[in-house]
Structures are given as structure tokens and as C-alpha cells.
Amino acid sequence: MRAVVFEEFGEPVDVLRIVDDKPIPEPGRGEVRVRMLASPINPSDLMTVRGIYSKRPELPATPGFEGIGFVDAVGGGLLAKFMAGKRVAVLNGQTGNWSDYTIIPAKQAVPLADAVPWEQGAMFFVNPTTAYAMTREVLNVPKGNWLLQTAAASQLGRMVIRLGRLYGFKTMCVVRRQEQSEDLFKLGADAVLTFDPEKDTRSDLRNTVLEKTSNAGVRYAIDCVGGQTGSAVVNCLGEDGRLLVYGTLSAEPLGFSSRELMTPGASVEGFWLARWMQQQSLLKKLGVVKQVNKLLQSEVLSSEVGKTFPLNQVKKAVQHAEAQDRGGKVLLRMAE
């Protein structure tokens, strides 16, 4: 079988290569083998290849945290046998999904409704489930309240806007470029604020947020940027405000005075989907998966699809995935 591998950490275009003679793996007890159809290229995948993600794999390794495929072989266990032949979304933090076949625990395969297109099914976990879990399960933003989010023009940011329209909370969207505003307003954003850490100060963002909230600040916020942008968001938190940090796009640490948390009684919390899912009961997991499936079908949690590349063009695919004007999520396609 074919697989994308890297034997050292570095720039993806330099260290990724295709191996076409790997043996097809066999599932053990409680495991399933998935014949992969497609897998997206996410920032977390590329950070893993560069060796800067929070969890570093043993080398050599295959990238790809999520994807879609068909279960074509199962090991022992009732759950594994239940998955046989099903089209599933694949969450894979061990063996990687950028290959023709992969082995995962049966509990990490999610059967997909027939109405979910394969492209959306390939992107089931990283953005849709994260957006839903943060806004509805962890923060549970009440109807009529503001949720401030950074990188709001991202695919996840757009999902949060649509979730706000569905559940009745207001979205305050922080972007770096003014030209992104019109598109987000059309999508349903309630406010769009421009913040460029190279030009703007934390006080600039705070003053705008206070103006929008009648000097109260925001009680709910999510940030995937970090650095100066994330730190500016901390300064916008109101009484009992909560900031969920779920990414590090800037690769710079947060920096702020303890007083910014002490005075309003605010807090900063980390969110990592894989860890959060592990902490939930089976009943809760099933409920979240069912709801995300439903919201995918109604396109609330759909992602814009960009270009699709065959697996053997992975170097071109990762280059395109990091282009500013790529126009949607880039997918690797393994089979029809």
C-alpha cells in the first residue's frame, strides 16, 4: 500500500515522501482497518510534521489526524464487528490517515449518515466537532450573549458564526484584514473587528469591544492565534469572562498581567478536542457525534472545500494548503 511518511521533523515539502510498498496492516482486538478515501490537510498536521505540535510522534510517522473511509477488516470485539463495512469518519492520532489503509481503535470510527458528502465527512472532527464542543458543551454560550472569536474568517470561525445564528448567541469576529469583513457579515456575524498586531495595540481592541458591549467586555471568547492577538483578547474579558485557547497559529506565547484576570474574575482555559472527548462518557460522546452528524447534513458545520490532490502529489498539496488565497480546505484523495 501507499503511505506518506516523514523520517525527520522539518518543512513538509522537504521531509514528506511517498512509500508505495508498505504491507497492508491487520487489525487487532478492538481495532478496525479502514480503506481510506480522503483526508484533509489541517494546520495541526503540518505542525506535527514540523515537530512543533503538542504531541510529537515516534519517527518514521504518517501524518493525518482525520479523514473518511470504509471499514474493510475488523479485529475481535462487538464494537469492531458492528463497524464492518461502514463508511466512517476517522480520528487517528497514532498511525496517520495519509495512506491507503490505516488501523484505529473501533471507538475512534464514527459511522456517517448517507446524506453527508464524502468531503464533509473527511473533515468531521477537527473543525466541526471542535466548534460544536467549545460553543455548546464547554462554554454553552447563552442566547443573546456575545462570543468573541479570533481567526474568524477560518473554516471553524465560519462554523461558529452559523452556530450563533442557529442557537441565538452573538458573534464578535476578530480578523486581521478589513477586506474579510463583508463576507463574514453576509454569513451572519454580528460584529467584525480588525486587529493587526503589527499595527494595533491591545487597547485598540479593548476599546472597540467595550464600545460594542456597553463597557461590560465579553464573558465568552475563543482563540486559536495566541501571541499578541490572544493576549489582546484576554484584556477584553468582562466579569467572570472565560477564554478557551484551542490553537497557536502565531507560534508566540500569551503575555498579560495577572490583574487582567484577577480584577474581573476571568479565566483562560486550554481546549484540545482529543483530550476533551476522552473525558466524556460514552453517552455524551454518542450525543455529540449525533448532533454533529445532524449539523453537517444541514450545512451548519460544513466546510468550504478547496482543491483536491491525489496522494502522490502530497508535496504540491501541502504547498497549496498554506497559500493565503487557497479558497477552502485542501484534501488528499486516496481512492474513489
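Colleague: Let me start with Asp240: buried, partly exposed or exposed?
Modeller: Asp240 is partly exposed, at 41% relative accessibility. Here buried means under 20% relative accessible area, exposed over 50%, and partly exposed in between, with a 1.4 Å probe and protein chains only.

Colleague: And where is Asp240?
Modeller: Asp240 sits in strand E12. Its phi is positive, about 60°, although Asp240 is not a glycine.

Colleague: Before I go on, what am I looking at, and how are things counted?
Modeller: This is a predicted model, where local features need pLDDT of at least 70, side-chain atom pairs count only at pLDDT 80 or more, and totals for chains, interfaces and linings use all residues. Residues are numbered from 1 along each chain as its sequence is written, and side-chain values use heavy atoms, leaving out hydrogens and water.

Colleague: OK. How many helices and strands does the protein chain have?
Modeller: The protein chain has 13 helices and 15 strands. They are DSSP runs numbered from the N terminus: helices are H or I with at least four residues, strands are E with at least two.

Colleague: How compact is the chain?
Modeller: Its radius of gyration is 20 Å, close to the 20 Å from the globule rule for 336 residues, so the chain is as compact as a globular protein of that length. That radius is taken over C-alpha atoms, and the rule is 2.2 Å times the number of residues to the power 0.38. Along the principal axes, the C-alpha trace spans about 60 × 45 × 35 Å.

Colleague: How much of the chain is buried?
Modeller: Of the 336 residues, 52% count as buried. Also, among contacts between residues at least 6 apart in sequence, 67% join residues at least 24 apart. A contact means heavy atoms within 4.5 Å.

Colleague: Switching topic: how many disulfides does the structure hold?
Modeller: The structure holds 0 disulfides, a disulfide being a pair of cysteine sulfur atoms within 2.5 Å. For Cys224, the nearest cysteine sulfur is that of Cys173, 12 Å away. For Cys236, the nearest is also that of Cys173, 14 Å away.

Colleague: Are those two buried or exposed?
Modeller: Cys224 counts as buried at 6% relative accessibility, and Cys236 is buried with a relative accessible area of 2%.

Colleague: What follows H2?
Modeller: Gly51 follows H2, with a positive phi near 80°. Further on, in the loop between H2 (43-50) and strand E4 (66-74), you'll find Pro60. A cis peptide bond joins Leu59 to Pro60, with omega about -5°.

Colleague: Which residues lie in the loop between H5 and E8?
Modeller: Gly144 and Asn145 are among them. Gly144 is partly exposed at 40% relative accessibility, and Asn145 is partly exposed too, at 25%.

Colleague: What do they touch?
Modeller: Not counting residues up to four places away in sequence, Gly144 touches Gly168, Phe169 and Lys170. With neighbours within four places left aside, Asn145 is in contact with Phe169, Lys170 and Tyr220. Asn145 and Arg219 are 74 residues apart in sequence, and their C-alpha atoms are 8.0 Å apart in space.

Colleague: Last one: where is Ala151?
Modeller: Ala151 is in the loop between E8 and helix H6 (155-167). Phi of Ala151 is positive, near 50°, in a residue other than glycine. With 22% relative accessibility, Ala151 counts as partly exposed.
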